[in-house]
Amino acid sequence: MVTDVSMQDDLERLTREYGASLSTHGVTPGGVQWPNASDLATRYEVLLSPLNLAGGGAHPVRLLDLGCGPGFLLDYLQTNGLLERVDYLGVDVTEATMGHARARWPDHRFELRDVRLHPLPAASFDYAIICGVFNVRYSNTHAQMQALVEETLRSVWMSVRTGLAFNVMSKHVDWERDDLFHWPLDTAMAFCRQHLSRHVTFRLDYGLWETAIQVSRIPAVRSSKVPLNWLPDDTRKSGA
Amino acid sequence: MAEPSSKVLPEVPTPLSHETAGAAFDYRGLVAAMEANLLQYGDSHRGVGWRMNARDAALQHQVMLEGILDEWARPVRLLDFGCGASHLYQHIRDQGLLGLEYSGLDLSSQYLALCRKKFPGVAYYDQDLLDSATELPTFDYVVLNGIFHYKADNSNEATWRYCQQLLTGVSAIAAKGFAFNVRSEYVDWRWEYLFHLPIGQVADFIATNISRNFTVRHDYGLYEYTVYVYHTGVRENRPAAETLPATIG
């Protein structure tokens, strides 16, 4: 665990609001600047959807929750009967927020860490979700925020075995706000292809003005059989 | 054919960034080119123009049908737009998929003759959606598999106009949603007769003209992506919500 987080300027600009906000609003989604609780549940549902947690599995999923805040993901997992399905680590950068997380979930693991300076061990997780970390840039410029997003994703990518999911604001909105980070789909795709993987899904189908971006190391599972009348000229070539 | 709907096909959308002048997309010419494939290669994926391997062509059917949402009532009325030899229906039967009421549409009389011979119980349509006199019934879900990959020597501008016209028309006969695939910009090689579209350009058009509710899948390992557009779906089941993570409010 890293205890002496010397916070980079961009992260300081990103997180300075939260301490005061948690005091004002209490430990609620509003306290970490979300407009309402049901949308946060929707976001978690969408980001976790590639894991099919409800479908069961032999082992818990080793899950990294980057930007865990006061540990709301654990509330969501518990409410939906999924807590046993994950082997959880929450990571964040401010003492105040993490204090709430540790107090609320004393039996779970949390770490203070800027993963850009102190990357997590390679392949130490199955999957990572990064929820609400990249939506608001506050006083960071777009370029500063893009650098923060890309450096963070590259570091997290090294520590996950199968993939990651995160959300950003969409460009496909009626208007953009100066303090939000709207990342064009093609810019995100070009980055993912170059530094993470080209197996990417963009979900804009859950009614919020954002995009959930899911990146996987391997392509989607194939379940379809190949019609026999298609095969002759392929078997020679690919041995399929 | 089924009873005609009263639905009026929408206006042709204005192209985003190009003059409307210039040759129109010659889709009738493409139909003839596809029929030449059927003659040469017979009833296989190559016979409907694919040059990828058979496993990849089969994967496209799987991906198209994965856009059907669990909460939709069954049977789902499915239109295979540009059905070719109806390989999607063959896929549905081979996989034993239930709850789908399949219909096909194609402009090629040769493919349709083959389809009707193979699947006499299936409804097939031969109308041209871009003909203003065309009347088609409404379906729940319409898929366009491989309609936009091959542009022959049509210009990119004409092909993009054609895409927009067709998607607008398809949207009007798809009650719940539709899906289409298109070649990605993120590829290792290009060929001048193939059409590549930036994801953002498609997303802009869909969000501005058709629906805010869509998903782009570039996750199945082919050099293309599939866009699922929903008129209904996830959003329906959600409570009305403020949508910006905001310091305001």
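What radius of gyration would a compact globule with 240 residues have, and what value does chain A have? In this predicted model, chain A has a radius of gyration of 19 Å, which agrees with the value near 18 Å that a compact globule of 240 residues would have. Taken along the principal axes, the box filled by the C-alpha atoms of chain A is roughly 70 × 40 × 35 Å. Seven helices and seven strands make up the secondary structure of chain A. Their order from the N terminus on is α-α-β-α-β-α-β-β-α-β-α-β-β-α.

Over all chains, the structure holds 23 salt bridges. One of them pairs A:Arg116 with A:Asp10, with 2.8 Å between the closest N and O atoms. A:Asp10 belongs to helix H1 (residues 9-25) of chain A, whereas A:Arg116 lies in the loop between strand E3 (109-112) and strand E4 (125-130) of that chain, so the pair ties together parts that are 106 residues apart in sequence.

The contact between the two chains involves 50 residues from chain A and 53 residues from chain B. The size of an interface is often given as the accessible area lost when the parts come together. Between chain B and chain A, the buried area is about 4800 Å². Carbon and sulfur atoms give 51% of this area.

Between chain B and chain A, 24 residue pairs are in polar contact, counting pairs with both residues at pLDDT 80 or more. On the side of chain B that touches chain A, the elements giving two or more residues are helix H2 (54-65), helix H3 (87-95), helix H6 (199-209) and strand E6 (214-218) of chain B. H2(B) provides the largest share of that side, with eight residues. Sorted by class, the side of chain B that touches chain A consists of 23 nonpolar, 17 polar and 13 charged residues.

Side chains of opposite charge can pair when their charged atoms come close. Three salt bridges are counted between chain B and chain A. Among them is the pair A:Asp174 and B:Arg212, whose closest N and O atoms are 3.1 Å apart.

Strand pairing also links the two chains. Strand E6 (residues 199-204) of chain A and E6(B) run antiparallel and are joined by five bridges. Within this pairing, A:Phe202 stands opposite B:Val216 of E6(B).

Conventions
Residues are numbered from 1 along each chain as its sequence is written. Chains are lettered from A and ligands numbered from 1 in the order in which they are written. Side-chain values use heavy atoms; hydrogens and water are left out. Contact means heavy atoms within 4.5 Å. Buried area is the accessible area (1.4 Å probe) that two parts lose on being put together, summed over both. A salt bridge is a side-chain nitrogen of Lys or Arg within 4 Å of a carboxyl oxygen of Asp or Glu. A polar contact is a pair of N or O atoms within 3.5 Å; within protein, one must be able to donate a hydrogen and the other to accept it, and residues adjacent in sequence count only if both atoms are side-chain atoms. Helices (H or I, at least four residues) and strands (E, at least two) are DSSP runs, numbered from the N terminus. Ala, Val, Leu, Ile, Met, Phe, Trp, Tyr, Cys and Pro count as nonpolar, Asp, Glu, Lys and Arg as charged, and the others, Gly among them, as polar. Two strands pair if DSSP finds at least two bridges between them. The radius of gyration is taken over C-alpha atoms; the globule rule is 2.2 Å times the number of residues to the power 0.38.
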